[in-house]
Each structure stands twice: as C-alpha cells, then as structure tokens.
Amino acid sequence: MSQMQPSGQYSFFHFSILFFGLANVKRHFFSQVKSVFNYEKMQSHLESQVLAAAEIVEQEIDSEINKLENMDEDDLEVIRRKRMNQLRKMKEQKDMWMTKGHGVVQEVENPEQFFKFVKENERVVVHFYRDATERCKILNEHLAKLAPKHWETLFLRVNAEKVEGMAERFNVFMLPTLMLVEGGKTHHSIIGFDEFGGKDVFPTARVSEVLAFHGMINDSGMFANDNKDE
C-alpha cells in the first residue's frame with residue numbers, strides 16, 4: 001500500500017506553482033504595456049497615466065509575491081485545511097441536494113408536490129411544457145443537459161395539460177415557459193425562445209448564460225450562501 005505524501009510537501013508544490021504564476025503575470029503584463037508605447041505614438045500625458053496604472057498593478061503583484069515568499073509551513077497548512085474544509089462542505093451540500101432530487105429534471109405530478117419542491121429548495125427552474133409542442137421538446141433536451149452540471153439548482157417540468165390548474169395559477173399562457181423561482185418566490189419567467197435568440201437552433205450554453213444572468217445557476221456549481229464558513 002503506497003504511503004501518503006506529507007501535507008507540507010504537497011502544499012509547497014502548489015505554493016511554487018502559484019508563486020511562479022504570479023511572477024510570470026507581472027513580467028508579461030508590464031512588458032506588454034511598455035511594448036505598446038514602442039510602436040504607438042500617443043500623447044505623453046496618456047502614456048504617463050497608463051504607465052502609472054501599470055506601476056500600481058506591478059506593486060500589487062509584488063505585494064502578493066512577497067506575502068507568498070514569507071509564508072511558512074504553518075501558513076500553508078492553514079490554507080490547506082481551509083480548502084479541505086470547503087471541499088468537505090461542498091460534498092455534504094451535494095449529497096443533501098441529491099436526496100432532494102437535484103441533478104436531473106424532475107417531473108411534477110401534482111400541485112402539492114410542486115409546492116413541496118419550491119418550499120424545500122432555494123432555487124428552482126420550472127419548465128411548463130406540452131408534449132406536442134416542438135419547442136418544448138427542444139428546451140427539454142437543453143435542460144436535461146444542464147441539470148447534471150448544476151446541482152445548486154432544482155430543475156422541474158410541469159405538463160400544462162396533465163397537471164390541472166398549474167398553468168392558470170401562474171398565468172402561463174404560452175409554451176414553453178420557464179418560471180424562475182428563488183426563495184419561494186417567482187422573480188422572472190422566460191416565455192418562448194426570445195431570450196435564447198428567437199430561433200429553434202441554439203446551443204445549451206445559451207440557456208446556461210440566460211439562467212446565470214437571472215441568478216439561477218453558477219459556474220462554480222455553488223452560490224456563496226450555499227457554503228458559508230462556520
């Protein structure tokens with residue numbers, strides 16, 4: 001059975017990557033700024049302002065490098081422990097979301113089930129659809145791809161013809177409609193495909209961008225409030 005690598009050595013390896021990365025950023029940024037003025041004729045006062053801003057950036061990077069240079073093993077161990085704690089909380093949060101049905105698009109069978117979902121989850125994306133509507137099928141495909149990538153949000157779909165009274169209750173008169181619920185309250189509805197470009201063909205990434213714009217999903221897979229430090 002192989003032995004585990006000492007945490008200090010592991011942390012120093014990552015520290016080295018971070019240190020040399022900052023140094024390269026500093027060197028590349030400052031050389032790029034100076035090179036502009038080697039080939040472009042600009043007014044002297046503008047050049048002075050930009051170079052002054054570059055000097056500030058260089059000083060900030062120098063400051064970060066200096067902090068890293070002066071870190072001892074105890075400092076690195078604190079960073080490692082904090083990161084491990086964050087990863088542990090993320091796993092616990094994901095496990096909890098899994099028990100609530102996150103990771104797939106859940107089919108709503110009745111109003112009672114819908115309100116239970118909304119009450120127990122911070123963010124819910126609800127697709128009101130009809131089987132015979134082609135655009136609903138298109139949106140279903142996109143949401144089925146997004147749900148496994150965004151555990152931080154619960155994805156639901158409601159058959160407007162089978163779950164009686166739901167569409168009327170939420171003033172859904174056009175399909176497909178995406179109702180965005182946060183904190184138990186509807187704050188926006190995406191009606192049709194206008195926000196996706198108005199055409200039937202568009203990438204799943206476009207749906208992701210729109211949902212992120214409305215604060216329903218996050219590229220990191222978790223919002224700040226989902227993973228507060230104790």
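**Salt bridges, cores and a hairpin**

In this predicted model, Lys116 and Glu120 form a salt bridge, with their closest N and O atoms 3.0 Å apart. Both residues sit in helix H4, four residues apart, so about one helical turn separates them. Glu120 is partly exposed, because its relative accessible area is 37%. Side chains of opposite charge can pair when their charged atoms come close.

The structure holds five salt bridges. Another one joins the side chains of Glu161 and Arg130, at 3.1 Å from N to O. Here the partners come from two loops. Glu161 lies in the loop between S3 and H6, and Arg130 in the loop between S2 and helix H5, so the pair ties together parts that are 31 residues apart in sequence. Glu161 is exposed, with a relative accessible area of 56%. Arg130 is partly exposed, at 31%.

Next comes Asp200 with Arg135, a salt bridge whose closest N and O atoms are 2.6 Å apart. Asp200 belongs to the loop between S5 and helix H7, while Arg135 belongs to helix H5, so this pair links parts 65 residues apart in sequence. Asp200 is partly exposed, with a relative accessible area of 37%. Arg135 is partly exposed too, at 25%.

Now turn to the nonpolar residues. The largest nonpolar core has 19 residues. Phe114, Val126, Phe128, Leu156 and Val158 have the most contacts inside this core. Helices H4 and H6 and strands S2, S3 and S4 each supply at least two of its residues. Strand S2 gives the most, with four.

Look closely at Phe128. Leaving aside neighbours within four places in sequence, Phe128 is in contact with residues including Cys136, Val158, Met166, Phe170, Leu175 and Met179. A second, separate core has 18 residues, among them Leu178, Leu180, Leu211 and Met216.

Strand S4 also takes part in a hairpin with S5. S4 covers residues 177–182 and S5 covers residues 185–191. The two strands pair in the antiparallel sense over six bridges. In one of these pairings, Val181 has Thr186 in S5 as its bridge partner. Two residues lie between the strands, and Gly183 takes a positive phi near 60° in this hairpin.

How far can the picture be trusted? The protein averages a pLDDT of 78, and 66% of the residues score at least 70. Over residues 1–10, pLDDT stays under 50, and the model has three contacts for them beyond four places in sequence. Where pLDDT is low, the predicted coordinates should not be read in detail.

Terms used:
Residues numbered from 1 in each chain as written. Predicted model: local features only at pLDDT ≥ 70, side-chain atom pairs only at ≥ 80, totals over all residues. Heavy atoms only, no water. Pairing = 2+ DSSP bridges. Core = buried A, V, L, I, M, F, W, Y, C linked by side-chain atoms within 4.5 Å. Buried < 20%, exposed > 50% of the residue type's maximum accessible area, 1.4 Å probe, protein only. Contact = heavy atoms within 4.5 Å. pLDDT = per-residue confidence, 0-100. Salt bridge = Lys/Arg side-chain N within 4 Å of Asp/Glu carboxyl O.
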